[in-house]
Amino acid sequence: ATVELAVQAIKRGAYDFLTKPFSIDELLHTVNQGLEHRRLSLDARRTQEAEAEAQRLNEETRRLKELDQAKKDFIRLVTHELQAPVSAIETYLKLILQDYIPPQEQPGILEKCLARCQEEQALIQDLLELGKLEVIESADKSQVELEKVLRAVLEACQGHLDEKQIELHLELAPGLPSIMANRKQIRSLW
């Protein structure tokens with residue numbers, strides 16, 4: 001054995017080397033040191049992996065806490081937004097019932113109540129749609145022809161459009177491809 005050969009062996013990953021002649025005790029000692037070195041290397045790798053996993057879990061925990069806080073903030077906001085119109089309507093109606101508002105002013109107040117009810121319904125509808133978005137991922141999907149969906153939606157809205165004297169024209173590019181979607185939910189997007 002030469003020094004150059006030993007250096008080459010270590011560069012290629014050897015832990016140690018023995019030069020001839022060697023004794024059984026030297027061989028056992030070197031093998032035991034090699035096994036200990038390997039055990040320590042494996043322990044170090046497992047420790048690094050455990051630390052990386054702990055860091056990933058800490059990041060996930062932080063993200064979950066942020067999401068939980070966002071959820072709490074959203075619930076607080078929605079609660080306020082739902083409560084405000086109801087409180088206003090209640091106040092108006094109490095004023096009418098307690099004769100604080102003269103009869104000639106009551107139609108205006110009732111119109112305000114109606115407007116607040118419509119705002120409340122729109123908000124509730126938005127929340128229901130938001131709830132539906134959560135289940136879109138698991139919904140049954142199939143090939144949907146957008147042209148048919150758009151024409152059906154336009155037909156369904158035609159009464160409202162006529163009532164408000166709104167004209168709506170549907171112009172589609174020829175050969176519009178079909179898409180993978182849930183047939184019922186794609187209609188609500190329009």
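Is K94 buried, partly exposed or exposed in this structure? In the predicted model, K94 is partly exposed, with a relative accessible area of 43%. The residue takes part in a salt bridge with E90, in which the closest N and O atoms are 3.4 Å apart. E90 and K94 both belong to helix α2 and are 4 residues apart, about one turn of the helix. E90 also counts as partly exposed, at 41% relative accessibility.

R39 and D43 are 4 residues apart in helix α2, so about one helical turn separates them. R39 has a relative accessible area of 40% and is partly exposed, and D43, at 27%, is partly exposed as well. A further salt bridge links R62 with E59, whose closest N and O atoms lie 2.2 Å apart. These two residues are also in helix α2, at a spacing of 3 residues, or about one turn of the helix. R62 is partly exposed at 37% relative accessible area, and E59 is partly exposed at 41%. In the whole structure, the search finds 12 salt bridges.

The chain as a whole contains 5 helices and 2 strands. Read from the N terminus, the elements follow the order α-α-α-β-α-β-α. The radius of gyration is 37 Å, well over the 16 Å that the globule rule gives for 190 residues, so the chain is more spread out than a compact globule. Along the principal axes, the C-alpha atoms fill a box of roughly 115 × 55 × 25 Å. Of the 190 residues in the chain, 13% are buried. The chain exposes about 15,900 Å², and carbon and sulfur atoms supply 57% of this area. Among contacts between residues at least 6 apart in sequence, 64% join residues at least 24 apart.

Helix α2 covers residues 24-97 and includes L35. L35 counts as exposed because its relative accessibility is 52%, and exposed means over 50%. Together with F22, L27 and V31, L35 forms a nonpolar patch on the surface. The accessible area of the four residues together is about 340 Å². T30 is found in helix α2 too, but T30 counts as buried, at 16% relative accessibility. When neighbours within four places in sequence are left aside, T30 is in contact with D16 and L18.

The cysteines were examined for disulfides, and the count comes to 0. For C113, the closest cysteine sulfur is that of C117, at 6.8 Å. This distance is too far for a bond, because a disulfide requires two cysteine sulfur atoms within 2.5 Å. C113 is buried, with a relative accessible area of 6%, whereas C157 is partly exposed, at 33%.

Definitions and conventions: Residues numbered from 1 in each chain as written. Predicted model: local features only at pLDDT ≥ 70, side-chain atom pairs only at ≥ 80, totals over all residues. Heavy atoms only, no water. Patch = residues over 30% accessible without salt bridge, like charges linked within 9 Å, V, L, I, M, F, W, Y side chains within 5 Å. Areas by Shrake-Rupley, 256 points an atom, 1.4 Å probe, with all protein chains shown as cover. Salt bridge = Lys/Arg side-chain N within 4 Å of Asp/Glu carboxyl O. Buried < 20%, exposed > 50% of the residue type's maximum accessible area, 1.4 Å probe, protein only. Rg over C-alpha atoms; globule rule 2.2 N^0.38 Å. Contact = heavy atoms within 4.5 Å.
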